[in-house]
Amino acid sequence: MLYSGMYGIRHRDLGYNLLIWWKGCAVLGVGFTGTLATSRPKRGDHRFFLSIRASNRIWETSVTLTKGKRSREEEDKVASSVLIQAMAKACQVSETLDSGLTDSEVLNESVIQFSEEEELEQLIDGQICSKIYPFSKESYGSDKDRKIILPGSFNPLHDGDLKLLEAAMSVSEEGGYPCFEISALNADKPSLTVTEIKDRVKQFEVLEKTVIVSNQPFFYKKAELFPGSSFVIGADTAARIVNPKYYEGSHKRMLEVLGDCKRTGCKFLVGGRNVDSVFKVLDDHEIPKEISTMFTSISADTFRMDISSTELRKNQGGVIS
């Protein structure tokens, strides 16, 4: 199957905006508009335009049809065939489809390729939601849609991060594709710069670990972006996630937001964390029973490391190589 889902909104006589998606993976945005044959003669050309947007490029196509050669239904069929063929090409599907165009009806095609820096700028500006760096060469089964994601700043990435993700994989009943995630935006701090993002991503390239850069600092947004995935967090973060303070002081609102996360299939794998010189685990915090099944504890026997990125920076005098 080429596409898992498709939403369409029709505009005026002939125009569509489509979002084509496959669960938590990369998406395509498709725009299509045109002016085709009607029951009355038209003064202008019969033509259509389409644009397809992926995270790293834009494909644009325009076609002018031979006026009076086809009925409206026949022109619809030609336009639809060109649209399907363009979407297949964008998805790197090799099969071709006869569009029905004549030799004189030329496809005017162009591609705009974005550099890595341009993609990251667009991510910071909110034009795209995420960029995946698939550095890992290991195979984790056929279902890469379900991910086990360890979010963090990774300034720097350290052995505790790697071991925590390994521990999370060992306790996850559903399994999934392990990866790290950096949010370019932070609810309490300035956004990362393109240079900062690239420097942090390099750490994962060296170790051949897949990392995602997103612009979603909140877990309920991460859950929408990566449905069915498990997020690896510390016990201190778990406590914040269920604290009504972060939901306008409303316990009800907290349950509503996390209930929506639960419906996406989102889960949390919770490791112990050293908080104010005290090692805290999930059981040290009260999780509302309505959402308790979303949280799975990673026991201290499975994982324990008391040092953090903040402590590493202090130990290195604030200089990270």
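Asp276 counts as exposed (over 50% relative accessible area, with under 20% taken as buried and values in between as partly exposed; 1.4 Å probe, protein chains only), its relative accessibility being 71%. Asp276 is found in the loop between strand E13 (273–275) and strand E14 (278–280); helices (H or I, at least four residues) and strands (E, at least two) are DSSP runs, numbered from the N terminus. The phi of Asp276 is near 50°, a positive value in a residue other than glycine. A positive phi, near 60°, is also found at Glu248, again in a residue other than glycine. Glu248 is placed in the loop between H6 and H7, and is exposed, with a relative accessible area of 80%. Most residues other than glycine have a negative phi, and most peptide bonds are trans.

The model is predicted, so local features need pLDDT of at least 70 and side-chain atom pairs count only at pLDDT 80 or more, whereas totals for chains, interfaces and linings use all residues. Residues are numbered from 1 along each chain as its sequence is written, and side-chain values use heavy atoms, with hydrogens and water left out.

The predictor's confidence in each residue is expressed as pLDDT, from 0 to 100. The protein has a mean pLDDT of 87, with 85% of its residues reaching 70 or more. Confidence is highest in helix H4 (residues 194–207), at a mean of 98, and lowest in strand E1 (residues 5–10), at 37. Over residues 1–14 pLDDT stays under 50, and the model has 38 contacts (heavy atoms within 4.5 Å) beyond four places in sequence for this stretch. Residues 19–24 likewise stay under 50, with 27 contacts beyond four places in sequence. Where pLDDT is low, the predicted coordinates should not be read in detail.

A nonpolar core is a set of buried Ala, Val, Leu, Ile, Met, Phe, Trp, Tyr and Cys residues joined through side-chain atoms within 4.5 Å. The largest such core has 29 residues, of which Phe180, Ile197, Phe204, Val211, Val213, Val232 and Ile298 touch the most other members. Two or more residues are given to this core by each of helix H2 (116–124), strand E8 (147–151), helix H3 (159–171), strand E9 (177–183), H4 and strand E10 (211–214). H3 supplies the largest share of this core, five residues. Apart from this core lies another, of 27 residues, among them Ile149, Ala223, Ile233 and Val270. With neighbours within four places in sequence left aside, Val211 is in contact with Lys131, Ile132, Tyr133, Phe135, Phe180, Glu181, Ile182, Val201 and Phe204.

In H2, the buried residues are Glu119, Leu120, Gln122, Leu123 and Ile124. Their cover includes strand E4 (46–53), strand E7 (130–133), H4 and E10. Just after H2, Gly126 takes a positive phi of about 90°. Within helix H4 lies Gln203, whose side chain reaches the backbone oxygen of Arg200 at 3.1 Å. Not counting residues up to four places away in sequence, Gln203 touches Phe154, Pro156 and Leu157. Pro156 is found in the loop between E8 and H3 and is joined to Asn155 by a cis peptide bond, with omega about 10°.

Helix H7 (residues 251–263) comprises 13 residues and spans 18 Å from its first C-alpha to its last, close to the 18 Å expected at 1.5 Å a residue; the expected span is 1.5 Å times one less than the number of residues. At its N-terminal end, H7 is capped by Ser250, a side-chain oxygen of which lies 3.4 Å from the backbone nitrogen of Lys252. Met254, Leu255, Val257, Leu258, Gly259 and Cys261 are the buried residues of H7, and these pack against helix H5 (219–225) and helix H6 (235–241). Following H7 is Gly265, with a positive phi near 90°.

A search of the whole structure for disulfides (pairs of cysteine sulfur atoms within 2.5 Å) finds zero. Cys266 is in no disulfide, the nearest cysteine sulfur, that of Cys261, being 5.2 Å away. Cys266 is buried, at a relative accessible area of 2%, whereas Cys129 counts as partly exposed, at 37% relative accessibility.

Conventions: Polar contact = N/O pair within 3.5 Å; in protein donor to acceptor, adjacent residues only side chain to side chain.
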